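My notebook is open, and here is what I looked up, entry by entry. The structure comes first, then my notes.

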There are 2 protein chains.
Amino acid sequence: MLAPVTETTFTEQRLLDLNLASLSRYADFVAELEMASDLPTGLRRTPNLSVAYDADDAARLATFADFLARVGHPAERLTSGESRRHEPLLAPTIRSGLLVEGDWSCDNRLLWRALIKAAHRMGVRELPGFVHRVTSSNGVVTGVELADGSRIGAGGVVVANGAWAGQIDGLPDVPVRPVKGQIVRLDPGRLPGPSLTIRAYVRGAEIYLVPRESGREVVLGATVEELGFDHRVTAGAVYELLRDGRTVMPMSAEYALAETSVGWRPGTPDNAPILGGCDMEGLVLATGHYRNGVLLTPITADVITALIMSGELDSVAAPFTLDRFALTGSRAQ
Amino acid sequence: MLAPVTETTFTEQRLLDLNLASLSRYADFVAELEMASDLPTGLRRTPNLSVAYDADDAARLATFADFLARVGHPAERLTSGESRRHEPLLAPTIRSGLLVEGDWSCDNRLLWRALIKAAHRMGVRELPGFVHRVTSSNGVVTGVELADGSRIGAGGVVVANGAWAGQIDGLPDVPVRPVKGQIVRLDPGRLPGPSLTIRAYVRGAEIYLVPRESGREVVLGATVEELGFDHRVTAGAVYELLRDGRTVMPMSAEYALAETSVGWRPGTPDNAPILGGCDMEGLVLATGHYRNGVLLTPITADVITALIMSGELDSVAAPFTLDRFALTGSRAQ
């Protein structure tokens, strides 16, 4: 999902601004990327339909709609019947809906493949190996050390390794932790699939159903689990995803269960990314994107590139530097 | 499962006798096979614990207990608390149980691997190819024709291809149909797994939880679907298996979902196998084992071998010849 709005937790106005700034660049970003790679990214510009299942869910959705109106990004409130006119596969039992224009989706696997190919074409060199440590001398970056002990010298290093950012030695304290998410991929086969991205509050839980451009895949996610790098797909999580999925969209029970998988979001204490420089000269951080890594790809690429080239951090990224986590007085910086 | 008793549908007394005859040979069969192959088969001689979830399920279990007592194979009726003393991982909410001695289990994949290896060691030749047709001349078998058109001459042919028995041309009408079953395999990892094979009636559905000897796998099954050779693992079936599994054994929700799969049982009109000769001389049938293929392996091997060697069909198999399906008068044989 590219959901600047529906992925925003209430009150995170500055993060919403960052999300919207990234989405505003998405169409150009994807056009340029598809041209550079000759590969598709699966961008879908259909709106996002959030729905509520029970009375509590409906109250939560209404509060969210109020928040959006307050921050100048109103969405269309829908009845159950109106929601089903937008997406006929929804269960008649849903209570209410909220149609959010401008929350798109793209296929993260296609995007990744296109980025790798475009980068290779542009002359990016990929070196295999796990970066174990960032090396520095007198507070200035000198390069990285790989797990096998070999070193690569560099005057600048960008930390962009997602949930693993906290695993690199030699860095200042980067408060990034893995937040486990389990998802399943369904294949409608010859059955009709949803046409809109559905987000649903179901008995207090939150799920999404994202149809891919191909029509051959509906991504159903996701759990949010504080279990570190636990890699297990569990029976209970798959059960709950399938249960909530069929509650919202009964037809999904007829789809093939094509895949189950686990990922780790790079979580931070305030759920916002860490962008920009830090105390160590030459070290740039581009991590902690939590659930918005794909959405924030264009803005991250732009502000980090500009920072490296000009030394200036764009104002939209300024609230997201590492130093916001400094504890006044209680801890030496 | 090697469940001569709990896999028996009420009133199928003769099938129960066949099942019990096969189980009585199992220990020797497995000992011989493990020696011949130097491979394990995962045989577990723990009893089978059948449990009921709601009042209707309990009534059904009681009726089944009555049937077993009537046919001289009584099982021990247990309260909820007694059931949980036998298997502490069961949910406190189960109503009643039935402890069936002599319903064992073995690992079908290990058994298969051991059989293949033992057969190779004994000089069995395996020829690749899909048998498309059985050839005959004047009602006497002459061999088989493969899908690529090549032929293999033979004076005797044993049809032992399970759910695909109805797909071979040139045979008399063999009323075997595929009955789709979906199962999931769970991995307890470091968590405790069940020690007994659990069969459960849950809100009218029927599931089983079979722990493997290794402790690394619990097989949770199975759907029974009349969908021909449909090969899809569906979201709805996995959902229902996981739901019923966690209803009976809450801990199962914490296990890893290791695998989902589909199989096709060779179903017949009366759920019993088809064993022995038929109108076509030299053609022997060993198919239609429905849910009891693994259990009936020893007795099938013995009676079919004896039939080929001596021309006589053992009396225990006599009720299961193809001609029982002949419709008197209404259809030419």
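**Entry: A:Ser22.** I began by listing the contacts of A:Ser22, setting aside neighbours within four places in sequence: they are A:Leu295, A:Leu296, A:Thr297, A:Pro298 and A:Ile299. This is a predicted model, so I keep in mind that local features here need pLDDT of at least 70. A:Ser22 itself sits in helix 1 of chain A, which covers residues 13-37. Is A:Ser22 buried or exposed? Its relative accessibility is 0%, so I put it down as buried.

**Entry: the sheet of chain A.** I traced an open sheet of 8 strands in chain A, with mixed pairing and the order 2-3-1-9-10-11-8-12. Which strands stand at the edges? They are strand 2 (76-79) and strand 12 (256-267) of chain A; each has a single partner strand, so one side of each lacks a neighbour in the sheet. From one strand to the next, the twist averages 20 degrees.

I then picked one pair within chain A. Strand 10 (residues 205-211) and strand 11 (residues 218-221) of chain A run antiparallel and are joined by 4 bridges. For A:Val210, I found A:Val219 as the bridge partner in strand 11 of chain A.

Next I asked what helix 2 (residues 55-70) of chain A lies across. My list has strand 1 (48-52), strand 2, strand 3 (96-100), strand 9 (197-202) and strand 10 of chain A, and the helix runs at about 30 degrees to strand 3 of chain A.

**Entry: the sheet of chain B.** In chain B I noted an open sheet of 8 strands in the order 2-3-1-9-10-11-8-12, its pairing mixed. Its edges are strand 2 (76-79) and strand 12 (256-267) of chain B, each with a single partner strand, so one side of each is left without a neighbour in the sheet. Ignoring direction, neighbouring strands are turned by 20 degrees against each other on average. Here I looked at strand 1 (residues 48-52) and strand 3 (residues 96-100) of chain B, an antiparallel pair with 5 bridges. B:Asn48 has B:Val100 of strand 3 of chain B opposite.

**Entry: where the two chains meet.** How do helix 5 of chain A and helix 5 of chain B cross? Their axes (residues 235-248 in each) come within 9 Å and cross at roughly 125 degrees. I therefore call helix 5 of chain A oblique to helix 5 of chain B. The crossing is left-handed. Among the residues that meet there are A:Tyr239, A:Leu242 and A:Arg246 from chain A, and B:Tyr239, B:Leu242 and B:Arg246 from chain B.

I also checked burial in helix 5 of chain B: 11 of its 14 residues are buried, so the helix is largely enclosed by the rest of the structure. The buried ones include B:Ala235, B:Tyr239, B:Asp244 and B:Val248.

**Entry: helix 6 of chain B.** After the helix comes B:Gly311, with a positive phi near 80 degrees.

**Entry: B:Gly293.** At 32% relative accessibility, B:Gly293 counts as partly exposed. Its C-alpha is 8.8 Å from that of B:Pro273, 20 residues apart along the chain.

Note on methods. Residues are numbered from 1 along each chain as its sequence is written. Chains are lettered from A and ligands numbered from 1 in the order in which they are written. This is a predicted model: local features need pLDDT of at least 70, side-chain atom pairs count only at pLDDT 80 or more; totals for chains, interfaces and linings use all residues. Side-chain values use heavy atoms; hydrogens and water are left out. Helices (H or I, at least four residues) and strands (E, at least two) are DSSP runs, numbered from the N terminus. Two strands pair if DSSP finds at least two bridges between them. Axes are lines fitted to C-alpha atoms, for helices over the stretch in contact, and angles run from 0 to 180 degrees between N-to-C directions. Angles under 35 degrees count as roughly parallel, over 145 as roughly antiparallel, 65 to 115 as roughly perpendicular and the rest as oblique. A crossing is left-handed if the near helix is turned anticlockwise from the far one by less than a right angle, and right-handed if clockwise. Contact means heavy atoms within 4.5 Å. Buried means under 20% relative accessible area, exposed over 50%, partly exposed in between (1.4 Å probe, protein chains only).
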